[in-house]
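Keep the sequence and the model in view while reading.

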Amino acid sequence: MTIQRINSALKLGLDSLSPSILAILIQSTSMLLCFLMSIVLRFTLDSPPSIVFYVVFQAAFAAFLTFLWELDWWWIVIQFLFPLLVPILLIAEISPTYYLCGFVFLTLIYWSIFRTQVPYFPSTSALLPAVLNLLPPDSKFRFVDVGSGLGGLLFKLSAVRKESSFVGIEIAPLPWAISYFRAWFASSPVRFIFGNYERANFGEYDVVFAYLSPVAMSNLWVKAIAEMKPGTLLLSYEFIIPDVEPDLCINIAEKEPFLYVWRI
């Protein structure tokens, strides 16, 4: 009984970690197992396996643990490829400068994805007419895009509904900077805020649009219910709020995700 409680507590604690941290723990566990196995086999076999065996074993075992923990399929691919690519890149003797540049570039794009679990998702141009049809036709409104990326949707909406105000909130530095300077150079009235949308007050807006990730939807709903005023709209492209039936499900185009609408 005590062992079962320990296992349950351990699983609960690991489940509370973000997928990225859990992936690091899985890969570290696989590496440690390979190291211990290499010591044992060195003293028990006349001809111990080559380094290739341990690299492939670590890759396969890490992918297997990732599968058991039911992480998304791309984590399984990443966990398998990572141990294989490390020695290949070391053998290639690529300059560390390229790794540094790649690290800085990806950091500026994805920033705190390990915590927010919201990667960069560019929206499709098919969204524009669907969103326009939902907006108040004869009155000004305040529209916010949480996770606005490069600001494409906001620029297009602002060009059509010039009487209304549009705000984008983006936590990743590079997409925010690009959208900010796009607005500045084009003298666009769209305003872009750098930071986490959780610090914004949804009560200031008539329409809240989100293209986030499945992980963020429950918290988004809690914030919307707490802050948004009656009669306002919450829009989510592709991702639905768990256990909350949307008022509208709009198929914006063939083979495209749905746009979900909740009337507060």
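The model is predicted. Asp243 is exposed, with a relative accessible area of 85%. The residue is found in the loop between E5 and E6. Asp243 also has a positive phi of about 65°, although it is not a glycine. As background, most residues other than glycine have a negative phi. Ser187 is another non-glycine residue with a positive phi, near 55°. Ser187 sits in the loop between H9 and E3, and at 66% relative accessibility it counts as exposed because the cut-off for exposed is over 50%.

**Overall make-up**

The protein has 10 helices and 7 strands. Of its 264 residues, 37% are buried. Among contacts with a separation of 6 or more, 63% are between residues 24 or more positions apart.

Strand E1 (residues 142–146) pairs with strand E2 (residues 165–170) in the parallel sense, over 5 bridges. Within this pair, Val144 stands opposite Val167 in E2.

E4 and E5 run parallel and are joined by 4 bridges. Val208 has Leu234 as its bridge partner in E5. Is E5 mostly covered or mostly uncovered? E5 is mostly covered, with 5 of its 5 residues buried. In a regular strand the side chains alternate between the two faces of the sheet. In E5 both faces are covered: Leu233, Leu235 and Tyr237 are buried on one side, and Leu234 and Ser236 are buried on the other.

**The cores**

The largest nonpolar core has 49 residues, and those with the most contacts inside it are Phe143, Val146, Phe209 and Leu259. Helix H7 (127–134), E1, helix H8 (152–160), E2, E4, H10, E5 and E7 are the elements that give two or more residues to this core. H7 gives the most, with 5 residues.

Which residues does Phe209 touch, leaving aside its neighbours within four places in sequence? Its contacts are Leu127, Val131, Phe143, Val144, Asp145, Val146, Leu153, Leu235, Tyr237 and Leu259. Apart from this core lies another, of 6 residues, among them Ala23, Ala62, Leu71 and Trp75.

H8 has buried residues as well: Leu153, Leu154, Phe155, Leu157 and Ser158. An α-helix has 3.6 residues a turn, so residues three or four places apart point the same way. The cover over the buried residues of H8 includes H7, E1, E2, H9, E3 and E4.

**Arg191 and the cysteines**

Arg191 lies in strand E3. Leaving aside its neighbours within four places in sequence, Arg191 is in contact with Phe166, Val167, Gly168 and Tyr205. Arg191 and Phe155 are 36 residues apart in sequence, and their C-alpha atoms are 10.0 Å apart in space.

The structure holds 0 disulfides. Why does Cys34 count as buried? Its relative accessibility is 6%, and buried means under 20%, so Cys34 falls in that class. Cys249 has a value of 45%, so it is partly exposed, a class that runs between 20% and 50%.

| Residue | Relative accessible area | Class |
|---|---|---|
| Cys34 | 6% | buried |
| Cys249 | 45% | partly exposed |
| Arg191 | 48% | partly exposed |
| Ser187 | 66% | exposed |
| Asp243 | 85% | exposed |

Terms used. Residues are numbered from 1 along each chain as its sequence is written. This is a predicted model: local features need pLDDT of at least 70, side-chain atom pairs count only at pLDDT 80 or more; totals for chains, interfaces and linings use all residues. Side-chain values use heavy atoms; hydrogens and water are left out. Two strands pair if DSSP finds at least two bridges between them. A nonpolar core is a set of buried Ala, Val, Leu, Ile, Met, Phe, Trp, Tyr and Cys residues joined through side-chain atoms within 4.5 Å. Buried means under 20% relative accessible area, exposed over 50%, partly exposed in between (1.4 Å probe, protein chains only). Contact means heavy atoms within 4.5 Å. A disulfide is a pair of cysteine sulfur atoms within 2.5 Å.
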